[in-house]
Structure formats: C-alpha cells, structure tokens
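Here are my notes on the model, as numbered points. Please read them with the structure open.

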Amino acid sequence: QVQLVETGGGLVQAGGSLSLSCVASELAFSNYAMGWFRQAPGKEREFVAGISRSGVNTDYSDSVKGRFTISRDNAKKTTSLQMNTLKPGDTAVYYCGADFQFFASTIPSRSQSNYEYWGQGTQVTVSS
C-alpha cells in the first residue's frame, strides 16, 4: 500500500532552521504533485508549499514565501521542505500529500481535498 513518511521535525528556536523530508513507497511518485500542509492546535490544516510533478513549478503560501523552499527528487521518491528563519507561528504538525496530475508542470493545488495520499505528520515546534 502507498505510504508517505515524513521526518525531520523537532524543536528549534525562533530564527533557526529545519529540513523536513517525505519519502514515498508503493507510489508512482513522478505522477504526483507533492504538497506540504500544516495544522496548528485548534486550527484547520493549511497549505504551505507545493511542487509540480516535474519540479519546475512551485507555489508557497504568503506566510512562508521567501523563508521555505520545497524540492523533490523523483529518483529517490522524496520531497523536502527547507524551513529557514522559523517563527513561533510556524509551530504545527506538518504533513506531506500526493496529488495525481496528468501534466508534469501543473501548478500544485492548494486544496487538501485534491490530495489522494497523506503522511502521518511530523511535529515542528518553534520556541520564542
């Protein structure tokens, strides 16, 4: 069965950096756009960043643009999220999702309902 496994979460001070990874198994990875979402306590899950199948197109929420970078390695079936200049407001559980796309350069969706597969999440805590 398809599995997405996120790693790399942890506790970091404000201004610090973390790198999250999401490894897929039993998935035709290159056929899927990948997205990172996050959910803070008491809040809805929100889009953070997405990357097209080919990796050519990326999209970021306004709150992380310029601080976070999404990437992917189709050969390794991995997508990563480099998070810099972290803020306490970035504290959340971070999830990766896979969204099947026919076209390699389609801009990734910001709607979680479009994503067919999800990982279990990894906790990121940013202290002030």
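1. **Disulfide geometry.** This is a predicted model. The link of Cys-22 and Cys-96 is right-handed, with 50° about the S-S bond. The S to S distance is 2.0 Å. One disulfide is present in the structure.

2. Cys-22 sits in strand β3 and Cys-96 in strand β9. The two are 74 residues apart, and the pair links distant parts of the chain. Both cysteines, Cys-22 and Cys-96, are buried. As a reminder, such a link is a covalent bond between two cysteine sulfur atoms.

3. **The largest nonpolar core.** This core has 28 residues. Which members touch the most other members? They are Trp-36, Leu-81, Met-83 and Tyr-94. Seven strands are listed as giving two or more residues to the core: β3 (18-25), β4 (32-39), β5 (46-51), β7 (68-73), β8 (78-83), β9 (92-100) and β11 (122-127).

4. **Tyr-94 in detail.** Residues up to four places away in sequence are not counted here. Tyr-94 touches Trp-36, Leu-81 and Met-83, among others. Its contacts also include Leu-20, Phe-37, Val-48, Phe-68 and Val-124. Glu-6 and Arg-38 are on the list too, as are Gly-121 and Thr-122.

5. **Strand β4: burial.** Is β4 largely enclosed or largely open? Seven of its eight residues are buried, so β4 is largely enclosed by the rest of the structure.

6. **Strand β4: pairing.** β4 pairs with β9 in the antiparallel sense, over eight bridges. Within that pairing, Phe-37 has Tyr-95 of β9 as its bridge partner. β4 also pairs with β5, again antiparallel, over five bridges. There, the bridge partner of Met-34 is Ile-51 in β5.

7. **The β4-β5 turn.** β4 and β5 form a hairpin, with six residues between the strands. Gly-42 lies in the turn and has a positive phi of about 80°. When checking side-chain directions along the strands, recall that in a regular strand the side chains alternate between the two faces of the sheet.

8. **Ala-24.** This residue is found in strand β3. Ala-24 counts as buried because its relative accessibility is 6%, and the cut-off is under 20%. Leaving aside neighbours within four places in sequence, Ala-24 is in contact with Gln-3, Leu-4, Phe-29 and Lys-77. From Ala-24 to Glu-6 the C-alpha to C-alpha distance is 9.1 Å, at a sequence separation of 18 residues.

Key:
Residues are numbered from 1 along each chain as its sequence is written. This is a predicted model: local features need pLDDT of at least 70, side-chain atom pairs count only at pLDDT 80 or more; totals for chains, interfaces and linings use all residues. Side-chain values use heavy atoms; hydrogens and water are left out. A nonpolar core is a set of buried Ala, Val, Leu, Ile, Met, Phe, Trp, Tyr and Cys residues joined through side-chain atoms within 4.5 Å. Buried means under 20% relative accessible area, exposed over 50%, partly exposed in between (1.4 Å probe, protein chains only). Helices (H or I, at least four residues) and strands (E, at least two) are DSSP runs, numbered from the N terminus. Contact means heavy atoms within 4.5 Å. A disulfide is a pair of cysteine sulfur atoms within 2.5 Å. Two strands pair if DSSP finds at least two bridges between them.
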